[in-house]
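Subject: Structure for you to look at

Hello,

Here is the structure I promised to pass on. Have a look at it first, and then read my notes below.

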Amino acid sequence: MPAPAEAPFTAGVVLAAGASRRLGEPKQLLPYRGATLLDAVLDTARACRFDQLVVALGGAAGAVRARVDLSGADVVVAGDPGAGCSSSIAAALGALDPRCALLVLLLGDQPGVTPATVAALLAGRGDAPLAACRYDDGRGHPLAFARPAFGALAALHGDKGVWRLLDERAGEVAAVRVPGPVPADVDTWDEYRALVAEAPPRGLGLGVAACEARR
């Protein structure tokens with residue numbers, strides 16, 4: 001029997017440089033499940049046991065460093081966080097370990113993504129160079145990109161650049177079925193209040209075993 005293929009060196013990249021213009025304060029630091037919104041996302045990322053974890057911060061980097069547990073993560077600061085996710089992705093790419101063959105993008109304001117979601121994405125992408133979750137109501141994060149796509153990621157511009165890339169290279173994208181709606185992110189106070197109302201206690205629902213199964 002042939003030996004199982006070795007999993008590629010995989011980096012988790014958490015994009016947490018948002019300027020929170022509509023909220024008026026850093027959404028990364030909003031209270032959530034006994035900690036902060038970003039802490040919840042980092043709990044998920046650590047449970048996935050990525051080979052490397054990179055967190056991209058923005059204008060609120062000092063406050064985030066002071067209040068969020070960033071242990072185990074390589075922290076970068078986007079050069080122009082006002083330019084949207086593309087600036088954060090470029091900063092994160094510069095911090096990747098040279099061995100990295102695959103990266104998974106997660107949003108720092110989307111705590112509804114679980115390790116089981118990430119595991120499904122990694123298991124369902126096959127050898128596709130790009131992969132996205134296909135929820136019941138549309139496409140969403142997390143997203144996966146193999147090394148051949150890193151150059152295109154680095155060249156992105158604007159807040160929607162990653163989605164334009166997926167559209168332009170649609171024939172190379174694996175759409176991985178994930179049950180349920182696209183997990184909510186937070187841009188407004190109404191969205192934050194709705195998220196808090198539905199939040200489970202911290203530490204529940206992580207599905208750690210689902211991500212560890214790939215190791």
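Which element supplies the largest share of the lining of the largest cavity? It is β6, with three residues; strands here are DSSP runs of E with at least two residues, helices are runs of H or I with at least four, and both are numbered from the N terminus.

Before the details: this is a predicted model, where local features need pLDDT of at least 70 and side-chain atom pairs count only at 80 or more, while totals for chains, interfaces and linings use all residues. Residues are numbered from 1 along each chain as its sequence is written, and side-chain values use heavy atoms, without hydrogens and water.

**The cavity**

A cavity is a set of points on a 1 Å grid over the protein atoms alone where a 1.4 Å probe fits but cannot get out, and lining residues have an atom within 4 Å of a point.

Leu105, Leu106, Leu107, Gln110, Val113, His141 and Pro142 form the lining. Both β6 (102–107) and β8 (138–146) give at least two residues to it. Five of the lining residues are nonpolar, two are polar and none is charged.

Best wishes

Methods
1 Å grid on protein atoms, 1.4 Å probe; cavity = no way out; pocket = protein on both sides within 12 Å on 5 of 7 lines; lining within 4 Å. Nonpolar A, V, L, I, M, F, W, Y, C, P; charged D, E, K, R; others polar.
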